[in-house]
Amino acid sequence: MSSDDGELETSLEETEEFEPPEAFVEQANVTDEGIYEEFEDEWPECWENAAELLDWYEGYDQVLDDSNEPFYEWFTDGKLNASYNCIDRHVEEGRGDEVAIQWVGEPTEEDDRAVTYEDLLEEVEAFAAALQDLGIEEDEVVTLHMPMIPELPVAMLACARIGVPHSVVFAGFSAEALATRMNSADSEYLVTCDGYYRRGDPLDHIEKADEAIGSVEHEVSDVVAVNRLGEDGPEADLDADQHDYESLLADHEGAAVDPVERDAEDMLFLMYTSGTTGAPKGIKHTTAGYLSWAAWTSHAVLDLEADDTYFCTADIGWITGHSYIVYGPLALGSTTVMYEGAPDEPDRDRLWEIVEEYECDQFYTAPTAIRSFMKWGSEYPERHDLSSLRLLGTVGEPINPRPWKWYYQHIGGGECPVVDTWWQTETGGMMVTTLPGAKRMKPGAAGPALPGVDVRVVDSEGDEVEGGDAGYLTVHKPWPGMLRTIYGNDERYIEEFWAEYSDADAGEWVYFPEDGAGIDDEGYITVLGRVDDTMNVSGHRIGTAEVENAAVEVQGVAEAAVVGAEDEQKGEAMYAYAITEEGQAETDELRERIVASVEDAIGPFARPQEVVFAPDLPKTRSGKIMRRLLEDVANDDDLGDTSTLRNPEIVEEIQGQASAN
Ligand code: WT7
């Protein structure tokens, strides 16, 4: 590092606020701070601004229908199609030869694939025709258990084209997790692939489909498998009702499939996520509200334009990839870069190589990745020309000022605004972040709520806290991108999200995202993390109950409790405390069986980092496990008050066990 860099580093360390870079502001999509007041005064009509980014077959009658709170409806009676909005209209505008998806496979010896809007239209139409031929009807849910290959967005858009909601299950999920989700969605169709590359090795993926189908409670009508690995792939062993994607496409080449007119409130997709209680929740998103939200936030926050090349490192199997690799960028007609592999394959500069080669304008990633980049060192980005970048973003967990500033300096060269975007699977898109062309940035704080979004920080009574204090994040007005319900369970929807702070009798409905947060005098929000029983491990939300259920499946395990401990790299690291049955020895072999059981039930990304055997778990007199104390043990923190425990002595014993490990 040169001495100039050293000086810059020191001065950055002391800087707590950053003005939006001038060159950025000059060209930004949103620059006028007046938008906050304007949207407040004109709420909910302000959201016509989002609807206007889409093309409609038929206009809507009402922006917001709140006659059946909290089951809000947006843009009622409007008709549109998401696939048309993400593809056809750009082709009709003469932009068919521009690249829609720039796909980069993990193996470097393989050619990257540029899918133009015209190509995308052809492939989506052919696959949509194939799906129709299989007999799939409007509103039947199709499950997509696929990794980062171009056929995934093609399949999503083919579903959207024919009015079939998709349920994408992250490829890292196990057979069992896939089956659970297919059961919950009553989904009879599955699209998968033979395998994919991860850190240089071909990975068998189709075996999970084969195994999952055995555990699906209803009949699985058809399975479609993409051939990703060619020669490297597992031997194809397709049953009569299994089809290979390539033949289906060939059979339907040149097919014309008109996009179906979907009602604004028709379901676009389901996405499963974890909550406090066992079963994952199927979050329902709709066509108009969700798509307009993805488009508007991409426009206002990511500053996306049709001629931009934009790179988001998320996986499409999670909501970030849905909103900000597929739907937002394609609705705006830009080029979205999709990378199959790991950020350090074959070397730690892979992402910067991609940014340089495709001259990316925006880059969106997670704090856990930024912490890795920082640890690896600035020589990797320094090897590349990153001057095409004009905006950086982060999402998934809180980012501390140090990695924020490293990102700002070493990736953005001090010339790109950084947007720290708070949102969730349930919100559909961004909710709290700075408008990069209009607002000062404060590293460590995501920012104020977006214009037209009413996010507050309240105490346990629901009263707003003073600037400088902490409390709970709440949302006091509905927004177009919001979830509509938990699939098939309206009651749980109300219980999970609306019960805590609403006053239904007074007609006051308050959405509770289950995050803790602080707020400063200027309304900048620092999100502290989940207050429910879920963990955030490397930006993945994992339910403690799901992991605990898997642990107690293991023979010899009587009880288990799982907590997230602070971890510099992953945000949270998972610690599993297990109590063995009488006569069961506390062995490494048992530890391994516990880990394997979690991998089987959820997937390798959810494996506990440590398994600690404990004589008992700290419990309240009513028998509830005190997870807070287990977290304190894992964090090596002071234990505080243990007097309300039924078995206070147990905590010290567990401490002893943990340090013996
Ligand atoms: C939870 C949502 C949003 C897509 C990725 C995760 C945490 C998200 C931030 C941020 C602090 C954040 C929250 C939230 N989170 N973004 N910028 N700062 N925390 O989606 O799996 O639905 O998880 O991630 O705790 O509730 P998800």
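Reader: Is C312 buried or exposed?

Author: This is a predicted model, and in it C312 is buried, with a relative accessible area of 2%.

Reader: And what is the closest cysteine sulfur to the sulfur of C312?

Author: That sulfur belongs to C360 and lies 11 Å from the sulfur of C312, which is too far for a bond, because a disulfide needs the two cysteine sulfur atoms to be within 2.5 Å.

Reader: What about C193, how far is the closest cysteine sulfur there?

Author: The closest one, in C159, is 16 Å from the sulfur of C193, so that pair is too far for a bond as well; C193 is also buried, with a relative accessible area of 0%.

Reader: How many disulfides does the count come to, then?

Author: By this rule the count is zero disulfides.

Reader: Ok, on to the ligand: which residues around the ligand come nearest?

Author: There are 17 residues around the ligand, and the nearest of them are D420, T421, T425, D515 and R541. By class, this shell is made up of six nonpolar, six polar and five charged residues.

Reader: Which polar side-chain atoms lie by an oxygen atom of the ligand?

Author: One belongs to D515, at 2.5 Å from a ligand oxygen atom, and another belongs to R530, at 2.9 Å from a ligand oxygen atom. The protein buries 95% of the 550 Å² that the ligand exposes when taken alone.

Reader: Which elements give two or more residues to that shell?

Author: Those elements are the helix α12 (319-331) and the strands β20 (418-421) and β24 (525-530).

Methods: Residues numbered from 1 in each chain as written. Predicted model: local features only at pLDDT ≥ 70, side-chain atom pairs only at ≥ 80, totals over all residues. Heavy atoms only, no water. Buried < 20%, exposed > 50% of the residue type's maximum accessible area, 1.4 Å probe, protein only. Near = heavy atom within 4 Å. Polar contact = N/O pair within 3.5 Å; in protein donor to acceptor, adjacent residues only side chain to side chain. Areas by Shrake-Rupley, 256 points an atom, 1.4 Å probe, with all protein chains shown as cover. Helix = DSSP H or I, 4+ residues; strand = E, 2+ residues; numbered from the N terminus. Nonpolar A, V, L, I, M, F, W, Y, C, P; charged D, E, K, R; others polar.
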